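Please look over the sequence and the model, then read the points below.

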Amino acid sequence: MADFDGPAKPLLSLNPQEQAKFQKQVAQVRRRATQQKKLTPGVVYVGHIPRGLFEPQLKAYFSQFGTVTRLKLSRSKKTGNSKGYAFVEFESDDVAQIVAETMNNYLFGERLLKCDFMPPEKVHEDLFKDWDVPFSKPSLPAVKRYNKKRALPEKLRMEKRFKNKEKLLRKKLAKKGIVYNFPSLILPKKKKGKVSKADLQNSINSQGSTPVCTPTFLEKRKSEVAKMNDDDEDNEITFKQPVVGVKAEIQETQTPARSGKRRRRKSKQ
């Protein structure tokens with residue numbers, strides 16, 4: 001019998017003219033056999049995430065189960081804070097299923113996590129869109145542009161636009177037969193009333209004439225003050241205070257009685 005020890009001999013094609021092409025196909029098949037099987041990724045939905053956990057913390061935590069290929073945390077567009085749920089993609093769908101089973105209803109940071117395995121047909125193609133782009137808080141340029149300080153010509157143009165919008169809106173409502181009276185988009189300006197000379201004279205006359213500081217006026221004023229002081233003295237109210245001597249006599253009569261009782265107690269002992 002022939003010995004089959006040693007390296008494998010090269011395979012020969014049935015058609016000698018296509019030997020080179022046949023050798024390439026054989027090499028490709030051998031490479032595919034040696035390569036590991038490709039793993040199908042799996043996605044897990046994670047809900048009820050505690051506050052203060054963001055992409056780095058979540059990736060570091062779930063990496064203990066397996067390789068995390070992508071992670072998308074849902075955030076608010078206005079504030080940038082977490083909405084409380086995220087999507088985690090693992091390299092293997094088997095690992096994703098194990099994570100969903102073990103971490104569901106797991107108490108984490110005073111919250112019960114909700115983890116569900118998402119089948120491939122439910123995973124949207126744009127689910128992990130811009131997952132690797134760091135989140136930046138919105139600057140809200142439209143709000144800044146609206147609230148900026150404007151000069152007088154800009155304010156007038158803005159007022160004119162609002163008036164035109166109001167006219168068009170009222171015309172549309174009238175064409176459709178809707179009777180609705182809404183307030184104006186522009187607040188009416190307060191008219192500054194001019195004070196007439198007659199009003200000024202009436203106000204001055206109502207206040208009375210200002211007194212002139214003459215010697216006779218000062219003497220009259222002093223006499224009025226003196227009369228007021230005399231009236232205050234007559235209307236004074238006097239309160240009767242308790243006599244100090246009576247209290248002192250009562251205290252003196254009470255103290256020897258107490259001392260006598262103490263001496264009797266000591267003698268009995």
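Helix α3 is followed by N105, whose phi is positive, near 60 degrees. Helices here are DSSP runs of H or I with at least four residues, strands are runs of E with at least two, and both are numbered from the N terminus. The model is predicted, so local features need pLDDT of at least 70 and side-chain atom pairs count only at pLDDT 80 or more, while totals for chains, interfaces and linings use all residues. Residues are numbered from 1 along each chain as its sequence is written, and side-chain values use heavy atoms, with hydrogens and water left out.

**Overall make-up**

- The protein chain has 8 helices and 4 strands, and from the N terminus on its elements run α-β-α-β-β-α-β-α-α-α-α-α.
- Of the 269 residues in the protein chain, 15% are buried; buried means under 20% relative accessible area, exposed means over 50%, and partly exposed lies in between (1.4 Å probe, protein chains only).
- The protein chain exposes about 24,700 Å², of which carbon and sulfur atoms supply 55%; accessible areas come from the Shrake-Rupley method with a 1.4 Å probe, and for residues only the protein chains shown count as cover.
- Among contacts (heavy atoms within 4.5 Å) between residues at least 6 apart in sequence, 58% join residues at least 24 apart.

**Helix α3**

- At the start of α3, a side-chain oxygen of S92 reaches to within 3.3 Å of the backbone nitrogen of D94.
- A96, V99, A100 and M103 are buried in α3.
- These residues lie on the same side of α3 because they cover an arc of only 100 degrees around the axis; the arc is that of the directions from the helix axis to the C-beta atoms.
- The buried residues of α3 pack against β1 (42–47), α2, β3 (82–90) and β4.

- Strand β1 is mostly covered, with 5 of its 6 residues buried.
- β1 pairs with β3 in the antiparallel sense over 6 bridges; two strands pair if DSSP finds at least two bridges between them.
- V44 stands opposite V88 in β3.
- β1 also pairs with β4 in the antiparallel sense, over 5 bridges, and M118 in β4 is the bridge partner of V43.

**Residue E89**

- E89 lies in strand β3 and counts as buried because its relative accessibility is 9%.
- The side chains of E89 and T69 are joined by a polar contact of 2.7 Å. A polar contact is a pair of N or O atoms within 3.5 Å; within protein, one must be able to donate a hydrogen and the other to accept it, and residues adjacent in sequence count only if both atoms are side-chain atoms.
- Leaving aside its neighbours within four places in sequence, E89 is in contact with P41, G42, V43, T67, V68, T69, R70 and F128.

**Aromatic rings**

- Rings of Phe, Tyr and Trp (its six-membered ring) pair if their centres lie within 6.5 Å; planes under 30 degrees apart count as stacked, over 60 as edge-to-face and the rest as tilted.
- By this rule the count comes to 6 aromatic pairs.
- Y61 and F62 form an edge-to-face pair, 5.5 Å centre to centre with 90 degrees between the planes.
- Y61 and F108 form a tilted pair, 4.9 Å centre to centre with 50 degrees between the planes.
- Ring pairs link Y61, F62, F65 and F108 into a cluster.
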